[in-house]
Amino acid sequence: MAITHGHGNPNWTREETVLALELYFELNGATPDPRDARVQELSRYLRRLPYHSVASRKQSFRNPDGVGFKLQNLRKLATGKGLGNVSGMDRRVWDELGEYPGKVKELSKLIREGVKVAENGEYDDPEVDEEFEEGRTLTGIHKRRERNKKVRAKLIEQRRSLGKVECEMCGTTGTSTNLKFKEAIFEAHHIIPISMAVAGKTRLSDMMLICANCHKMLHRAISSEKRWLDLQEGKSFLGFKF
Ligand SMILES: [Zn+2]
Ligand SMILES: [Zn+2]
């Protein structure tokens, strides 16, 4: 068994690692065998995902052996036994989710749903500098949810009833005096990471109203900080007064 196995292939993303962890839990601690149908199925699925450019993939890209190795790395983290070629990403995912198989299952479901939606072309891939730490698919779901016209309309409706149609970050109410277009600058932003939101549901209480400029800045800040920023943190990070 070559230690350099998988060398030259792109690193596993967080979402790929979460999917591997799901299978690790399903295998219930058994030493993963590349001939196992479930390992082969995950290999096929990972090879189909759009995360890595075709040019960056070797022939061995996410093949059953590679998936088997990843499962062994996760097993090493879980039990201290087995192969020790553990990556920083494996460790981060394990530290966060290793004790929560239920959460891993939910997250995997969300990732698979997101992949399906992406394959149907229902959202654009986030730009590289707008991708959140939770992963490209989940960032895509975030954007798709907040671009939902009904959600935005309901949010504005609710703010109107409170007499507070304004950006929750910079406070602008819009500079146009033309009432027809004044509200066009506002967008809805999902205030918690999609991986922590209720699957398949958008709650109005999870949304904030934000102007398009602030929204763009906030997404970039979340992406570059590699962690979630809520409203207060986002405000102070971007230099807005409270
Ligand atoms: Zn603003
Ligand atoms: Zn947003």
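Predicted model: local features only at pLDDT ≥ 70, side-chain atom pairs only at ≥ 80, totals over all residues.
## Domain layout

The chain is split into domain 1, covering 14-119, and domain 2, covering 128-237. Their C-alpha centres are 31 Å apart.

## Extent of the interface

The size of an interface is often expressed as the accessible area lost when the parts come together. Between domain 1 and domain 2, the buried area is about 1,000 Å². Carbon and sulfur atoms account for 59% of that area. Within domain 1, the residues losing the most area to domain 2 are Arg14, Glu15 and Leu110, and together they make up 44% of what that side buries.

In terms of contacts, twelve residues of domain 1 meet eleven residues of domain 2.

## Polar and charged pairing

Zero salt bridges are counted between domain 1 and domain 2.

## The side of domain 1

Two helices, H1 (14-26) and H5 (101-119), each contribute at least two residues to the side of domain 1 that touches domain 2. Helix H5 gives the largest share of that side, with seven residues.

By residue class, the side of domain 1 that touches domain 2 consists of seven nonpolar residues, one polar residue and four charged residues. The four charged residues on this side stand alongside a count of zero salt bridges between domain 1 and domain 2.

Note on methods:
Residues numbered from 1 in each chain as written. Chains lettered and ligands numbered in written order. Heavy atoms only, no water. Domains from an automatic or database assignment. Contact = heavy atoms within 4.5 Å. Buried area = accessible area lost by both parts, 1.4 Å probe. Salt bridge = Lys/Arg side-chain N within 4 Å of Asp/Glu carboxyl O. Helix = DSSP H or I, 4+ residues; strand = E, 2+ residues; numbered from the N terminus. Nonpolar A, V, L, I, M, F, W, Y, C, P; charged D, E, K, R; others polar.
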